[in-house]
Amino acid sequence: MTPLEDAQAFVLGSCPPLGAIDVDRTDASGLVLAAPVVAGEVVPPFDNSAVDGYAVRAADVADAPVELRVIGELAAGAAPSRSLGAREAIRIMTGAPLPFGADAIVMVEDSERIGDDAVRLLRSVPVGAAIRRAGDDVRVGDVLFDAGTIVSPPVAGVLASVNAQRVTVHRRAVVAVLSTGDELVDDGSSLEIGQIRESNKTMLAALLTETGCEVVDLGIVRDDEAELEGVLRAAAGHCDAIISSGGVSMGDYDVVKAVLGRIADMHWMQIAIKPAKPFAFGRLEGTPIFGLPGNPVSSLVSFELLARPALRRMMGHGRLTRSNVVAVADEPLDRQPDGKVHFMRVNGGFGDDGRYHVRPVGAQGSHQLAATALADAMAVVPDGLGVPAGADVAVLMLRSDA
Ligand code: AMP
Ligand code: MG
């Protein structure tokens, strides 16, 4: 059996980052910058008010409470039409430009309006109070984001704030997904004896989307060598990677094994993990191809441990694996020695002690996707007799909000 780390290193080494392209900022969400972003504009573009209040000269309110003459009003978006003289105030809204002559803002909460033309200001403020200076967020020439930064929602916001129209990113991987097996049905028709509903492709397509890939659905391919070869060759021609499920284990009808063994440069592995022991990886006409096992939970675990990190590398990510933490096993994670690391699906949550606590989801069979579907994490249980209740165990988070 191949240690998981060896399989991971081999796969990652065969999946280098895809090329960089320039895209519209609006298409860059979730992608990874391949070049730094340098600010071409200043943010904020002008001195402006941080609050709703009155623009004043700080010296005029030094002896507050004081009454000042109100000579106008400035809303956000308005340009100041006159400057402020001694013992004058201008009503100003958040985001409106600081009028000439003003050097501080008194919050509206610290004022009492006296008719249209005057205001009583109840508090003195220092020079600069509640003023947001031009450039105090971003200055022209600032390196805002280095290559490797993910265009997260706030990063996208910053790009908009400096009018960065185009950005250089690693391409989104185009990934074909197929499932194989004569037993699979996905058209809603009633099941004949021996048939089951297809579920892996549905799950894998959603996992690919979540990973930021563009999915090409190749459907269900029957256990027919000629058909499979045609579908795989076509996909290799226009996709960055191919993911298949089923047909890589020891069965007699494992046509994926037969076809890929013939047309691609494949490595058939028995990885020292449970579930997801059988795994195949190789290249078809240069395109990386992942042969995941057919059992649904194995497919998921294989994707998480081997495909997802590789696809993230292709798309330029620096952090390839899910977050891992050392958790407390609230219930025993029992197992028997078998030379494999077990990835037991667990539910978890942070306790009052600030630590992540886990317990097994229940059914751990590799066909029992329903129980695994609600898991928050996978406990990494090393070979041996398992982890007793109360002991520490490493877990790999499956969801960022778990
Ligand atoms: P295989 O790896 O093809 O030997 O399949 C192993 C098990 O997974 C069998 O019980 C298959 O019926 C099942 N299986 C294979 N592909 C799928 C799929 N796409 N959806 C659901 N179950 C599957
Ligand atoms: Mg099969």
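His 170 is found in strand β12, which spans residues 166-170; helices (H or I, at least four residues) and strands (E, at least two) are DSSP runs, numbered from the N terminus. The model is predicted: local features need pLDDT of at least 70, side-chain atom pairs count only at pLDDT 80 or more, and totals for chains, interfaces and linings use all residues. Residues are numbered from 1 along each chain as its sequence is written, chains are lettered from A and ligands numbered from 1 in the order in which they are written, and side-chain values use heavy atoms, with hydrogens and water left out.

Is His 170 buried or exposed? With a relative accessible area of 15%, His 170 is buried (under 20% relative accessible area; exposed is over 50% and partly exposed in between, with a 1.4 Å probe and protein chains only). Apart from neighbours within four places in sequence, its contacts (heavy atoms within 4.5 Å) include Pro 17, Leu 18, Gly 19 and Ala 20, as well as Leu 31, Val 32, Leu 33 and Ala 34. Met 315 and Gly 316 are also among the contacts of His 170. A polar atom of the His 170 side chain lies 3.1 Å from the backbone oxygen of Leu 18.

## The chain as a whole

The chain has seven helices and 28 strands. Its radius of gyration, taken over C-alpha atoms, is 30 Å, whereas a compact globule of 402 residues would have a value near 21 Å; the globule rule is 2.2 Å times the number of residues to the power 0.38. Along the principal axes, the C-alpha trace spans about 95 × 50 × 45 Å.

Of the 402 residues, 47% are buried. Among contacts between residues at least 6 apart in sequence, 71% join residues at least 24 apart. The accessible surface comes to about 18400 Å², and carbon and sulfur atoms account for 52% of it; the areas come from the Shrake-Rupley method with a 1.4 Å probe, and for residues only the protein chains shown count as cover.

## Asp 217 and its partners

Asp 217 lies in strand β16, residues 214-221. Residues up to four places away in sequence not counted, Asp 217 touches Val 177 and Lys 201. The side chains of Asp 217 and Lys 201 are joined by a polar contact of 3.1 Å (a pair of N or O atoms within 3.5 Å; within protein, one must be able to donate a hydrogen and the other to accept it, and residues adjacent in sequence count only if both atoms are side-chain atoms). A polar atom of the Asp 217 side chain also lies 2.7 Å from the backbone nitrogen of Gly 219.

## Backbone features in loops

Most residues other than glycine have a negative phi, and most peptide bonds are trans. The peptide bond from Val 43 to Pro 44 is cis, with omega near -10°, and Pro 44 is placed in the loop between β2 (37-38) and β3 (48-49). The bond from Ala 64 to Pro 65 is likewise cis, with omega near 0°; Pro 65 is found in the loop between β4 (53-56) and β5 (66-74).

Arg 87, in the loop between β5 and β6 (88-92), has a positive phi near 60°. Arg 87 counts as partly exposed, at 45% relative accessibility. Glu 285 has a positive phi near 50° and lies in the loop between β20 (278-284) and β21 (287-292).
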